[in-house]
Amino acid sequence: MSDVLILNGRLVDPASGVDSQRDLLLRSGRVAAVEAPGALKDAKAKKTIDASGMIVAPGFVDVHVHLREPGQTYKESIATGTAAAAAGGFTTVVAMPNTVPVNDSVAGLEWMLDAARGACVKLFAMPAATFGSKGEEITDFHELARAGAVGFTDDGKPVLHDDVMRQALVAAGGIGVPVSQHAEDTRLTGGCSMNAGPVAFRLGLRGMPVAAEAGIVERDIRLLRDIERVDRLRPHLHVQHVSTAKAMDLIRAAKADGLHVTCEVAPHHFTLTDNAIGDYNTNAKMNPPLRAETDRLAMIAGLIDGTVDCIATDHAPHALFEKEQEFERAPNGITGLETALGLALRVLHKGHGMPFSQLIELMSAQPARAISLEGRGTLKVGSFADVVVFDPAAEWAYDVAKTRSKSRNSPFDGAPMLGRVAFTLSEGRVVFQN
Amino acid sequence: MHSGHGATKSFGYAAGSLLAVVDLPVIETATILADADRLDRLDDDSKLKVLARRRIALLFYESSTRTRTSFELAAKQLGAITTLVSDKSSSIEKGESLKDTGLTLRALGAECIVLRHLSSGAPYLLARSTGLPVLNAGDGMHEHPSQALLDLRTILARVPNVNAKRIDEKTLAGVTVVIAGDILHSRVARSNALLLPKLGARVLLCGPKELLPEYALELGQGVEIERDFDKALKQAQVAMMLRIQRERLAGLELNLDDYIARYQLNYVRLAANAPHALVMHPGPMIRGLEIDDEVADGPNSAIEEQVRHGVAVRMALLARALGVVDFESVIA
């Protein structure tokens, strides 16, 4: 008997509109019962979790993580990356394709998704949109989708050429999966290592202009419009890690026009500005970069008004020796799976009054919907028993020395967090317990 | 203001480091200048005792004439043992990281590292990695603190009606310093624009938009932009010229004829707008581009004097880095 009872918690399941005291019974990896307090008092289970004072929510879904396997397992592996995910309350992660080699084939995708890799939460992947992520020739979307691809992306790089992006949107639109775009016009960002602005000027670093992000978003939206009109398709564009107010405005307008656009925002972009770079802290270097305060506030506004579909971490582990380099030479990216909830609750809930249900929706139901996952991102009866139990009032400080990730490149070492994961269950198995 | 959100951990740097002027208090500036005067006045034999047999490494990842020679002469005049490591002819060519290079120098007994590097912020990394006092001898487009200090010493020596004996927030009150040219790529411009206003100077930055973004105004109080060079010069007691840094233009194309017409400091322009202004240039000069021969070699020019002040200022910085403050007792 593998049954698990979760008793006395406050169930927040936005997909089913529930926000009240509920007890849950998990059986055979699925949600078997969701009942009012006391109704399950006769149920027997191998394990009982007392969730008094806790929120019980669908396990979080992160549509954007870098697990570095194959090829760079000194930074992270699928096993360690998913362990960090579990510690952060995530039960589903989507691996980006910029591994070595690039995940652009069915064989590569199947290898990555194989149980032998040791993922402790549900792993999906977005293979490359173009071979080698070179931006030239699109991969075999049909075969890759059959093998489980939940979208296509050249993340880390944009699909820059108009005609290639158009082809990708048409091909993905025919299958019903998104093209997930890293919106950066790399013709404008050569040699740049942070956001363009007064901080970059003072630090003597070349800055990425807002236009580099907004220009690609604008172009992609134009392509969507054109494809809807000419090809009579309804392609889905997913804009990764939006970081500028300008791009947010473009996405808001495109959604108002009824185009199928979704987007994500990373916790660091709603928490920090480029001031966090301080004395050239390479753990505050990522792409897109930390932006200005107006941009940070625009991310929060977009999260609150519904322009943003999901919070995604862009978890990007790098080894210490790689980050201990000159700022311009150090690689882009920070880890983020373990700090996402603590930052979201502190900045969005406590700082900006976002209700728990909306915050949880941004981390579960909506990302699940963005990649059309069935039975995840909700705790309706019959769904996968992917559950996070957390104390929303716990105040603590992140200690990167205790991370489950192989890497420690977080700008949030020692930073205050609000809300702490107590249990994470993936298909009914406890994969993290604090 | 955002450290509360993000908590970037602050690092400690060894006392005596000079990584940037941005956080150099006025009182420290005053001490460095006073030390430069005191060291300058010592006779040669006494100077040799100040840092006798102390070990200083000069780590240069970028070519340099003035700064390198000046640091080296300053160290040698104070009796220190110096070693020069450059990116060519060292293990840096084999791919050794800055951190490991610094640790190697430390293991060899270096007590202080003078670093010139092409990447902004590199001195912070070296100071964090080694725990040694690090003197920034120019990092990328960021800062060149010793240059700004020697420029300040030159201004104090040459600009009339300035009380060079009393260094405080008002020492340069009423003095307008025009810095003209390729501000964007200039670490000298940044350090001067950050240092001189702390002593009350008004800094007028001058240059085309491509080389002087509006962001520059946010360097701080006392910094303004005047794109019309003639108008700027009319207000100037000091005109500091900068070369166009071709090696950092990164594809940016400039019309040089137009640039010369607008921003070259030539005899006609100087005579018409600022006949009494002190003319400075951190070097290297590109004669015929940002400055003409008559001005560079003329009576207003303090360009060679700047170089001479460099040795005294760097002696003071090296003594400070090695914790030697009481010169009189050292030489007794």
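Here are legends for a few close-up views of this predicted model.

**View 1. A three-stranded open sheet in chain A.** Look for the strands in the order β6-β7-β8, paired in parallel. At the edges stand β6 (60-65) and β8 (122-125) of chain A, each with a single partner strand, so one side of each has no neighbour in the sheet. On average, neighbouring strands here are turned by 20 degrees against each other, direction ignored.

**View 2. How β6 of chain A meets β7 of chain A.** Strand β7 covers residues 90-95 of chain A, and four bridges tie β7(A) to β6(A). The two run parallel. To find your place, pick out D62(A), which sits opposite V93(A) in β7(A).

**View 3. On to β8 of chain A.** Here again, four bridges link β7(A) with β8(A), and these strands run parallel. V94(A) faces F124(A) of β8(A) across the pairing. Follow the side chains along β8(A): K122(A) and F124(A) point one way, while L123(A) and A125(A) point the other way. All four of these residues are buried.

**View 4. A helix across the strands.** Helix α1 of chain A, residues 78-87, lies across β6, β7 and β8 of chain A. Against β7(A), helix α1(A) runs at about 135 degrees.

**View 5. Where chain B touches chain A.** In this contact, 28 residues of chain B meet 31 residues of chain A. The largest share, four residues, comes from α6(B). By type, the chain B residues touching chain A split into 12 nonpolar, 11 polar and five charged.

Methods. Residues are numbered from 1 along each chain as its sequence is written. Chains are lettered from A and ligands numbered from 1 in the order in which they are written. This is a predicted model: local features need pLDDT of at least 70, side-chain atom pairs count only at pLDDT 80 or more; totals for chains, interfaces and linings use all residues. Two strands pair if DSSP finds at least two bridges between them. Axes are lines fitted to C-alpha atoms, for helices over the stretch in contact, and angles run from 0 to 180 degrees between N-to-C directions. Two residues are in contact if their C-beta atoms, placed from the backbone, lie within 7 Å. A residue is buried if 20 or more other C-beta atoms lie within 10 Å of its own, exposed if 12 or fewer, and partly exposed in between; C-beta atoms are placed from the backbone. Ala, Val, Leu, Ile, Met, Phe, Trp, Tyr, Cys and Pro count as nonpolar, Asp, Glu, Lys and Arg as charged, and the others, Gly among them, as polar.
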